[in-house]
Amino acid sequence: MADNRANKSGLSLEAQKKMQAKYDPELERKIRHFFVEQTGKPLEPQEEGPANFQKALKDGVRLCELINAIQPGSVKKINHTSMVFKQMENINNFNTAIKAYGVADSCTFQTADLVDNQDLATVQNAIYQLASIFKKKGGQTSLGVKIADENKRDFDEETLKAGQNVIGLQMGTNKGASQAGMTSMGTQRKL
């Protein structure tokens, strides 16, 4: 689809270059390894680089297989066809499934980011966030960070009242302040 578009120029070209600069080749390697860890199959083509990464994921089939390996039954029907709208449906189903799994809506990507090669960094980020949620839920993977668990605290009324009398250091303190060394206005400093 991106082949039918006019070449970008001006601000659009600058914005596109900025988005492409965010693409991380090291993260691509880790994501490729994550696919092998979870699905047992490498991404094809196996050569690295943004063009090959996009080609491997463009139809959405491998993305759907990934979420189904992590959460079986997340995507009921995977479309194995070359029709673009069916490929876009696969990608949309993947985004819906990862949101249901726990990935924040702001961490997903637009279908055009992948299909039209608009912003592959957001695609990388969505997979990274999926791996982080997977790790939080007890999955074993080298990709992603372990997201902290909630540590809710319940204080009794007495402790809450005692805390109201404490002035935090973020508010500042004048402890130890003095006017030593101050001179009155207009006086010259003697060196």
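Predicted model: local features only at pLDDT ≥ 70, side-chain atom pairs only at ≥ 80, totals over all residues.

User: Are α4 and α5 roughly parallel or roughly antiparallel?

Analyst: Helices here are DSSP runs (H or I, at least four residues), numbered from the N terminus. The axes of α4 (residues 61-70) and α5 (residues 84-101) come within 8 Å and cross at roughly 25 degrees; axes are lines fitted to C-alpha atoms over the stretch in contact, with angles from 0 to 180 degrees between N-to-C directions. Angles under 35 degrees count as roughly parallel, over 145 as roughly antiparallel, 65 to 115 as roughly perpendicular and the rest as oblique. So α4 and α5 are roughly parallel.

User: Which residues of α5 meet α4?

Analyst: Contact means heavy atoms within 4.5 Å. From the α4 side come Val 61, Leu 63, Cys 64, Ile 67 and Ile 70. Their partners in α5 are Asn 90, Ile 91, Phe 94, Ala 97, Ile 98 and Tyr 101.

User: Is Cys 64 buried or exposed?

Analyst: Buried means under 20% relative accessible area, exposed over 50%, and partly exposed in between (1.4 Å probe, protein chains only). Cys 64 has 0% relative accessibility, so the call is buried.

User: How many disulfides does the structure hold?

Analyst: A disulfide needs a pair of cysteine sulfur atoms within 2.5 Å. Cys 107, at 15% relative accessibility, counts as buried, as does Cys 64. As for disulfides, the count is 0.

User: What do the buried residues of α3 pack against?

Analyst: Helix α3 spans residues 50-57, and its buried residues include Phe 53 and Leu 57. The buried residues of α3 pack against α2 (25-39), α4, α6 (111-115) and α7.

User: Which peptide bond is cis?

Analyst: Look at the loop between α2 and α3, where Pro 45 sits. Most peptide bonds are trans. Here omega is near 0 degrees, and the cis bond runs from Glu 44 to Pro 45.

User: How far apart in space are Glu 44 and Ala 56?

Analyst: Glu 44 is in the loop between α2 and α3, and its side chain makes a 3.1 Å polar contact with that of Gln 46. A polar contact is a pair of N or O atoms within 3.5 Å; within protein, one must be able to donate a hydrogen and the other to accept it, and residues adjacent in sequence count only if both atoms are side-chain atoms. In sequence, Glu 44 and Ala 56 are 12 residues apart, but C-alpha to C-alpha the distance in space is 5.3 Å.

User: Which side chain makes a polar contact with Thr 141?

Analyst: Thr 141 is in the loop between α7 (120-136) and α8 (157-164), yet at 13% relative accessible area Thr 141 is buried. Beyond its neighbours within four places in sequence, its contacts include Phe 34, Gln 38 and Phe 134. The polar contact is 2.7 Å, and the partner is Glu 37.

User: What is phi of Asn 117?

Analyst: Asn 117 lies in the loop between α6 and α7 and, at 29% relative accessibility, counts as partly exposed. Most residues other than glycine have a negative phi. Phi of Asn 117 is positive, near 55 degrees.

Technical notes:
Residues numbered from 1 in each chain as written. Heavy atoms only, no water. Helix = DSSP H or I, 4+ residues; strand = E, 2+ residues; numbered from the N terminus.
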